[in-house]
Amino acid sequence: MDRRLFLAAISAVAASAGCATVGDARSERGTGVIVSYAAPFEQVWQQVAATLRELDLQIAADNMAEGYVLAESSASAFSWGERVAVFVERIGTQGNTRVEVVSKRAIGINFTASDWAPKIHERLGQRFRRL
């Protein structure tokens, strides 16, 4: 009987935790880690895509006109995967660019999921000067 109760509790937690989609990450704009770079939008845009590929994130969608890239990581031995939204926008008239990274766990109870924002901004910071 204790085993059934335990399994029921685990099932309830998993069901209530929910799953994130790449669209969920996109809807979280304004909640991510924002860094501004002294580089033109087009250069930063290209390097965002390159950085995501280098980090083995699969690009699920991108829209340069709206300034977002959606990516995801697959499940591994340590994580059920993550969903990432990167928002790129021009700022000011000096050719600078702001990048926001929102990282969401694919499953709410996935406590070992990576937070991709520091990794992405670290790589971009190696290519561009931060403001």
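A residue is called buried here when its relative accessible area is under 20%, exposed when that area is over 50%, and partly exposed in between, using a 1.4 Å probe and protein chains only. The structure is a predicted model, in which local features need a pLDDT of at least 70 and side-chain atom pairs count only at pLDDT 80 or more, while totals for chains, interfaces and linings use all residues. Residues are numbered from 1 along each chain as its sequence is written, and side-chain values use heavy atoms, with hydrogens and water left out.

We can start with the overall layout. The secondary structure of the protein chain comes to four helices and five strands, where helices (H or I, at least four residues) and strands (E, at least two) are DSSP runs numbered from the N terminus. Read from that terminus, the order of the elements is α-α-β-α-β-β-β-β-α. Of the 131 residues in the protein chain, 37% are buried. Contacts (heavy atoms within 4.5 Å) with a separation of 6 or more can also be sorted by sequence distance: residues 24 or more positions apart account for 60% of them.

Arg83 and Glu72 meet in a salt bridge at 3.7 Å, N to O, a salt bridge being a side-chain nitrogen of Lys or Arg within 4 Å of a carboxyl oxygen of Asp or Glu. Arg83 lies in strand 4 and Glu72 in strand 3, so the pair ties together parts that are 11 residues apart in sequence. Arg83 counts as buried because its relative accessibility is 16%, whereas Glu72, at 28%, is partly exposed.

Helix 3 (residues 41-54) has 14 residues and reaches 20 Å from its first C-alpha to its last, close to the 20 Å expected at 1.5 Å a residue; the expected span is 1.5 Å times one less than the number of residues. The buried residues of this helix are Phe41, Val44, Trp45, Val48, Ala49, Ala50, Thr51 and Leu52. Helix 3 is followed by Asp56, whose phi is positive, near 65 degrees.

Strand 5 (residues 96-105) contains Glu100. With Lys and Arg counted as positive, Asp and Glu as negative, and His and the chain ends not counted, Glu100 is buried yet has no salt bridge, the nearest side chain of opposite charge being Arg29 at 4.4 Å. The Glu100 side chain does reach two backbone nitrogens, that of Gly30 at 2.7 Å and that of Thr31 at 3.1 Å. Leaving aside residues up to four places away in sequence, the contacts of Glu100 include Val33, Ile34, Ala85 and Phe87.

Asn96, also found in strand 5, counts as buried at 18% relative accessibility. With the four-place limit in sequence again applied, residues touched by Asn96 include Tyr37, Glu89, Ile91 and Leu131.

Turning back to charged pairs, a search of the whole structure finds six salt bridges. One of them joins the side chains of Glu89 and Arg98 at 3.7 Å, N to O. Glu89 is partly exposed at 30% relative accessibility, as is Arg98 at 29%. Arg29, Glu89 and Arg98 are linked in a network of salt bridges.

Definitions and conventions:
Polar contact = N/O pair within 3.5 Å; in protein donor to acceptor, adjacent residues only side chain to side chain.
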